[in-house]
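Here are my notes for you. Keep the model open as you read, and check each point against it.

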Amino acid sequence: MPLNIPQDSVGIVKSNCIHFDEALTLRSGKVIKSYDLMIETYGELNADRSNAVLICHALSGDHHAAGYHDTGEEDEKPGWWDNCIGPGKAIDTRRFFVVCLNNLGGCAGSTGPKSINPATSKPFGPDFPIVTVRDWVNSQARLADRLEIKQWAAVIGGSLGGMQVLRWAISYPQRLRHAIVIAAAPKLSAQNIAFNEVARQSITSDPDFHQGRYYEHGTYPKRGLTLARMIGHITYLSEHALRGKFGKDSLKGANFGRDLRSGKLNFEFGVDFQVESYLQYKGESFSTNFDANTYLLITKTLDYFDPAVDFDGDLSQAFSEGSCKFLVISFSSDWRFPPERSREIVNTLLQAKRQVSYLEVESDGGHDSFLLNDPRYIKGLSAYLSVVADECEQAAGGSHAS
Amino acid sequence: MRADLLIIKDWIDSGSRVLDLGCGDGSFMALLKKEKNIFDCGLDVDPDNIQKCLEAGVNVIEQDLDKGLPNFSDASFDTVLLTQTLQAVNRPDLLIEEMLRVGKNCIITFPNFAYWRYRYQLIGKGRMPVAKDIPYEWYDTPNIHFCTIQDFDALCAEHHFKVLNRRVVDDKHEHSSLINLWPNFFGINAIYQITR
């Protein structure tokens, strides 16, 4: 943990592993007989269990969304959404009981390709079945059962997390009161799938991949996973964000972010520009902390997401049931899931005569904006959730646990 | 609460679906929700207004009225509101057509440009009118399509819009016998409820 934990942090947190023995039938028809889900919770569940909020993570996230693990490292980084979860923050842990999990197929402790397959006593590797957003949400509903949460005050997620939120409103319309969908899309575009395919090809063509059985070879496809993440990372940022990051030496990024690493061109095929070493650093550090099979699996989960398929392509039919309210947020510079994709969601909800609010935030941060501290975004999210918390407290008889 | 809104409130049915175009801070929708249990949906483009709507717990969608309402289906709302905004849109006639497509009826309020004081400023002083209800100079005004009560009546006649209700009021939103006598001369604000 860092020497000084900030006042508005949830502080030191512990993860919990929850075991499920009931078999889960997946959309593919395959069955996972039993599984573990790693979770973290922050805040207190109120007496009528009505103030629970579920956080759904995106591609590289996990159950550690806020606070610090007691790792003993001074420069320990907090959870991935620590800027939004904590006492007094947008997702206020003084008012909400916040639940976050590592999804099935993940690599942060929940059952996934890295786990031991009881049938073979070896890691599942490529034998781990492909799970879909729907399967995830089914497993999350079981988690809610286990925590005795009948209805979430809100289910919240950005990017792939936002897709899980949409799925919640479709699969379990009675089990949530608010759905907050940030920087998401109703389904991936051909361009999105194309980027995912390049990422997958770079992993599977790495000689260390061994058809996904690299654990047994005592190695892992470091180069492939690094490359996959480098590609992904470019799509998460806007051009403007890259210019700003690597144009500091010049006036206001006027050199288009072309800052050199060593002040001169080398006339070799090595690194000349800062952006190159930055991407390599990002990719490599990711590759040491993430499992390549999970990366493959989750890119497929993204590609397969299309809740309209069960409704003859008419997504508004999918939202015909339930009464939860929606908040949809997009960011102007997000070119992975641009505002028009969020407007598709909004328009679908309007067609379904659902209650929806929509914010289109002017931001330079690209897709990653949903993890950043854009003031308008944070203020809007806080305001919406503050009303949600008021509702919980009014329903609980005005017992405000301040 | 703006006085024109208090008049409109009585024209809106309890439990109806209300779309408020240019909904501002959402306070009127909040009032309608509380008193008339409406299904609320507001549109605005101003970030501060949108923030206030979120704080008030009303539904608000960031959307530009000048791009029409293509994402709203026919007759999906009971009432579509446009209060003190008509004069600021690019094509008021097209927007009203859109409003009547989406709503079963529309309520529109606008400042009457033929009010005698405005006429005096233009004819007597030779200057564009500036007043409490129209506080902008000609160069910085968002109001690009001023009209008079007679203009609006003519538009309704040409487009076959049926006027269900009309109130013409002064700056305190009160009615008077003078306004009754000559609304296009003494009326400051016009409030119309129209349908097809």
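This is a predicted model: local features need pLDDT of at least 70, side-chain atom pairs count only at pLDDT 80 or more; totals for chains, interfaces and linings use all residues.

1. H3(A) brings A:Phe195, A:Val198, A:Ala199, A:Ser202 and A:Ile203. H4(A) brings A:Gly224, A:Leu225, A:Leu227, A:Ala228, A:Ile231, A:Gly232 and A:Thr235. By type, the residues of this contact divide into 8 nonpolar, 4 polar and no charged.

2. Next, turn to where the two chains meet. The contact takes 17 residues from chain A and 14 residues from chain B. On the chain B side, helix H3 (47-56) and strand E3 (60-62) each give two or more residues. H3(B) gives the most, with 5 residues. The chain B side divides into 6 nonpolar, 6 polar and 2 charged residues.

3. Last, find A:Ser110. It sits in the loop between strand E8 (97-101) and strand E9 (116-117) of chain A. Is A:Ser110 buried or exposed? It has 24 other C-beta atoms within 10 Å. The cut-off for buried is 20 or more, so A:Ser110 is buried.

4. What does A:Ser110 touch, leaving out residues up to four places away in sequence? It touches A:Asp36, A:Leu37, A:Met38, A:Asn102, A:Asn103 and A:Leu104. Check A:His63 too: A:Ser110 and A:His63 are 47 residues apart in sequence, and 9.2 Å apart in space, C-alpha to C-alpha.

Note on methods. Residues are numbered from 1 along each chain as its sequence is written. Chains are lettered from A and ligands numbered from 1 in the order in which they are written. Two residues are in contact if their C-beta atoms, placed from the backbone, lie within 7 Å. Helices (H or I, at least four residues) and strands (E, at least two) are DSSP runs, numbered from the N terminus. Ala, Val, Leu, Ile, Met, Phe, Trp, Tyr, Cys and Pro count as nonpolar, Asp, Glu, Lys and Arg as charged, and the others, Gly among them, as polar. A residue is buried if 20 or more other C-beta atoms lie within 10 Å of its own, exposed if 12 or fewer, and partly exposed in between; C-beta atoms are placed from the backbone.
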